[in-house]
Amino acid sequence: MIITRTPYRISLGGGGTDLPSYYENFGGFLISGAINKYMYIIVKERFEETIRVSYSQTEIVKSVDEISHPIVREALRLVGIESSLEIISIGDIPSSSGLGSSGSFTVGLLNALYHYVGQELEPSLLAEKAFHIECELLGEPVGKQDQYIAAFGNIIAMDINKEGLVSVDNNFVSEVNIKDLEDNLVFFYTGIQRSASEILKGQSQSAKKKDKKVIQSMHQIKEIGKECYNRFKDGDFNWFGNSLHDHWIMKKKISGKMSSEFIDKCYNLARLNGALGGKIMGAGGGGFMMFYKPGDKTSLVKALTPLGLKRFNFSISRTGTTRLFKL
C-alpha cells in the first residue's frame with residue numbers, strides 16, 4: 001500500500017503565462033505557492049484481477065481501457081500497470097475551486113503509482129509527466145503551473161522558455177517573509193464551483209489568434225510576475241497587494257467570464273474595507289477569492305460574510321507531493 005499527499009496551490013503572479021499558447025510564442029514567468037490543503041491518494045494491490053477506482057464515483061473494471069476517469073486511465077497506461085489494483089482519492093477541498101485540484105490529483109497519483117512499481121521520480125519529471133497526461137494526451141487547456149507547484153511545494157518561481165522547458169527557483173523567499181505574506185492574505189470560499197476549461201480554452205484561443213488586447217494584457221501580467229519575484233525576496237508585500245488590483249483589471253480584459261456581477265460586488269466591497277487587491281483563484285468564475293489586507297481583518301470579514309462568503313485559513317506548505325506511507 002502506498003499513500004501520497006499532494007498540496008493544492010494559489011497563484012501569486014504571472015498566472016496564465018504558463019499556457020502553451022502563450023509561452024510557445026513569448027515565454028512565461030509566474031509565481032505560485034503550495035498551501036496546506038491536500039489531495040491524498042491511496043494505491044494498493046487488489047486481490048481480484050480487476051481495477052477498482054474510488055473518487056466521487058466508484059468504478060470496478062477488468063481492464064485499464066474500461067476506466068472512465070481519464071486521468072487515472074492514462075496514468076495507469078503511462079506507468080504500465082494493467083490489473084489487480086485499487087486507487088482511492090480523498091481531497092481536502094472540493095474540485096473546481098480554483099486551487100489546482102486536477103494538477104494535484106495527477107501529480108499525487110503518478111507519485112503513488114511510480115512508488116508502487118518501485119520508482120521514485122524527481123519533482124520536475126513528475127510535473128512534466130502530469131502535464132503530458134492532462135495537456136498532450138487529454139487535450140485539456142491547462143498550463144504547467146499546477147503540476148510544478150504540486151510537485152515542488154513551497155513558493156516557486158517558474159521561468160518557462162518557448163520550448164516549454166521550465167526553470168524552477170524554490171528558495172527565493174525567506175521563512176520570515178513567508179510568514180509575513182501568510183499574515184496578510186485572507187481567503188474566502190464563494191460556494192461557486194465551476195470548470196476552468198471553458199475560460200482557459202477561450203484565453204488560449206485568443207492567444208493563438210494573437211489578439212492584441214489579450215496578448216498585451218498577458219505581457220503585463222508576466223511583468224507583474226517578474227516584479228513579484230524581486231519584491232518577494234525583499235518582503236515588499238504591500239507592493240504585491242497593490243499589484244493584485246492591477247492584475248485583476250488585466251484579467252478582466254482577457255475574459256469576460258472571469259468575474260460576474262456577484263464576484264465584482266464582493267471584490268469592490270473588499271477594497272472598501274481595506275484590501276489592497278485580490279483575485280479569484282484559478283481561471284475565475286467562482287471558487288476561492290484571495291485578498292491582501294494588512295493589519296486587522298475584522299472589517300473585511302464582517303463585510304463579506306453576509307454575502308455568503310466563508311473565510312478559510314491557509315498557510316504555505318513547505319513540501320510538494322510526498323509519500324506518507326508504504327507497506
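Which residues in helix 2 are buried? They are Ile71, Val72, Arg73, Glu74, Ala75, Leu76 and Val79, where buried means under 20% relative accessible area, exposed means over 50% and partly exposed lies in between, for a 1.4 Å probe and protein chains only.

The structure is a predicted model, in which local features need pLDDT of at least 70 and side-chain atom pairs count only at pLDDT 80 or more, while totals for chains, interfaces and linings use all residues. Residues are numbered from 1 along each chain as its sequence is written, and side-chain values use heavy atoms, with hydrogens and water left out.

## Helix 2 and helix 4

Helices (H or I, at least four residues) and strands (E, at least two) are DSSP runs, numbered from the N terminus. Seven of the 10 residues of helix 2 are buried, so helix 2 is largely enclosed by the rest of the structure. Its buried residues pack against strand 3 (51-54), strand 5 (85-91), helix 3 and helix 4; contact here means heavy atoms within 4.5 Å. After helix 2 comes Gly80, with a positive phi near 95°.

Helix 4 covers residues 123-137. The expected span of a helix is 1.5 Å times one less than its number of residues. The buried residues of helix 4 are Leu126, Ala127, Ala130, Phe131, Ile133, Glu134 and Cys135. An α-helix has 3.6 residues a turn, so residues three or four places apart point the same way. The buried residues of helix 4 pack against helix 1 (20-26), helix 2 (70-79), helix 3 (101-116) and helix 5 (145-152). Just after helix 4, Gly139 has a positive phi of about 70°.

Leu126, in helix 4, is buried with a relative accessible area of 2%. Not counting residues up to four places away in sequence, Leu126 touches Val107, Leu110, Asn111, Tyr114, Leu121 and Thr321. Leu126 and Met1 are 125 residues apart in sequence and 20 Å apart in space, C-alpha to C-alpha.

Axes are lines fitted to C-alpha atoms, for helices over the stretch in contact, and angles run from 0 to 180 degrees between N-to-C directions.

| Pair | Axis distance | Angle |
|---|---|---|
| Helix 2 and helix 4 | 10 Å | about 125° |
| Helix 3 and helix 5 | within 8 Å | roughly 50° |
| Helix 8 and helix 9 | within 10 Å | roughly 165° |

Angles under 35 degrees count as roughly parallel, over 145 as roughly antiparallel, 65 to 115 as roughly perpendicular and the rest as oblique. A crossing is left-handed if the near helix is turned anticlockwise from the far one by less than a right angle, and right-handed if clockwise. For side chains, Ala, Val, Leu, Ile, Met, Phe, Trp, Tyr, Cys and Pro count as nonpolar, Asp, Glu, Lys and Arg as charged, and the others, Gly among them, as polar.

Helix 2 and helix 4 are oblique to each other, and their crossing is right-handed. Ile71, Glu74, Ala75 and Leu78 of helix 2 make the contact with Lys129, Ile133, Glu134 and Leu137 of helix 4. The residues of this contact divide into five nonpolar, no polar and three charged.

Helix 3 and helix 5 are also oblique to each other, with a right-handed crossing. On helix 3, Gly103, Ser104 and Val107 meet Asp146, Gln147, Ala150 and Ala151 of helix 5. Three residues of this contact are nonpolar, three are polar and one is charged.

Helix 8 (residues 212-234) and helix 9 (residues 237-254) are roughly antiparallel, and their crossing is left-handed. Residues of helix 8 in the contact include Val214, Met218, Ile221 and Arg231, and those of helix 9 include Trp239, Phe240, His247 and Met250. The residues of this contact divide into 11 nonpolar, four polar and six charged.

## Two further buried residues

Glu182 lies in helix 6 (residues 175-184) and is buried, with a relative accessible area of 17%. Leaving out residues up to four places away in sequence, Glu182 touches Ser315, Ile316 and Arg318.

Gly287 sits in the loop between strand 9 (277-280) and strand 10 (288-292), and its relative accessibility of 0% makes it buried. Gly287 and Ser96 are 191 residues apart in sequence and 6.8 Å apart in space, C-alpha to C-alpha.
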